[in-house]
Amino acid sequence: MDIRGDLSLFLAADPELSHLHTESLDITANLAEFHSAGWRARDIRGRVKMSGRAGVNSAQLELLAGSEVTAVTVENPGNPELPALDRVSADLAGLQLRAGYTLDRPALQTLKVTGPVRLASQALHHSALKTLGWEFQGTVAGSLDSATVNGRLTGTSGLAADLSLGWSGAGKSWLDGRLQLSGKRAGNILAATLEPWPETVQLESGTLTLGGRLYWSGDELLADARLALKDLSGIIDRTAWSGLNGRLDVSYGENLVARTWDMELLSLNPGMEI
């Protein structure tokens, strides 16, 4: 670990007004491996540049440009169905931390973390996905009993989804997501993203909207997803089709349930229009 920068101590007649102050404190550290809940990160490098003040019962800090954590690989060796990531980075610049604590009996009483966050991986490996780079840009707001992260996930294939992740101190977590694709670009993006996408399927026009929520608490896992199709047309092998409309709802709890709503196909042309 290496620590550089300025650090000033201000003493006052009232001890509660005494505090430490820094305009720029630069801390760097390296770690060969880190393990948590089955996950393993290798070759970790961290750098935190900060400004702020810390007193006897509270601290206010801001992370400056250059604050970043990187890892060469992040994976879960015990579960190959989970994704593995290469060249992972977390840009922490702009995060603000506010903490309240006691020093006589050391305890953290309050904590507030707010600001922007950027996460990136140069390559994500999963059997259902083609190997791509991914980036998440958003904001985080957290405390000791809850946290939310909102932003946009973008792949090098062009796929982009709005995501919202939440956690509560009661052990409840959720993930909301939504994406919308239109026209021929929709088919090109899906083909470049999904490993099992059929080569004979082409989308020509229309709009596809997918939204869903994943909720988990302890061993309980619930999921809901909705796929809406509007005026989709395309080609499957040598068969042209058009005017595909409707909705597919899928929910998972104790059972897997799928329902369709108002599904219709206006025309099908395998060489002779139907």
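Let me begin with a definition: a residue is called buried under 20% relative accessible area, exposed over 50%, and partly exposed in between, using a 1.4 Å probe and protein chains only. The structure above is a predicted model, in which local features need pLDDT of at least 70, side-chain atom pairs count only at pLDDT 80 or more, and totals for chains, interfaces and linings use all residues. Residues are numbered from 1 along each chain as its sequence is written, and side-chain values use heavy atoms, with hydrogens and water left out.

I turn to Leu 165, in strand S12, residues 160-168; strands are DSSP runs of E, at least two residues long, and helices are runs of H or I of at least four, each numbered from the N terminus. Leu 165 counts as partly exposed because its relative accessibility is 37%.

Ser 51, by comparison, belongs to strand S4, residues 39-55. Its relative accessible area is 16%, so Ser 51 is buried. Beyond neighbours within four places in sequence, Ser 51 has contacts that include Thr 22, Gln 60 and Leu 64, a contact being heavy atoms within 4.5 Å.

Now to the interior. A nonpolar core is a set of buried Ala, Val, Leu, Ile, Met, Phe, Trp, Tyr and Cys residues joined through side-chain atoms within 4.5 Å. The largest one has 16 residues, and Leu 159, Leu 179 and Leu 181 have the most contacts inside it. Among the elements that each supply at least two of its residues are strands S10 (129-143) and S13 (172-182) and helix H1 (183-193). H1 contributes the most, with 3 residues. Apart from this core lies another, of 8 residues, including Leu 25, Met 50, Leu 63 and Val 113.
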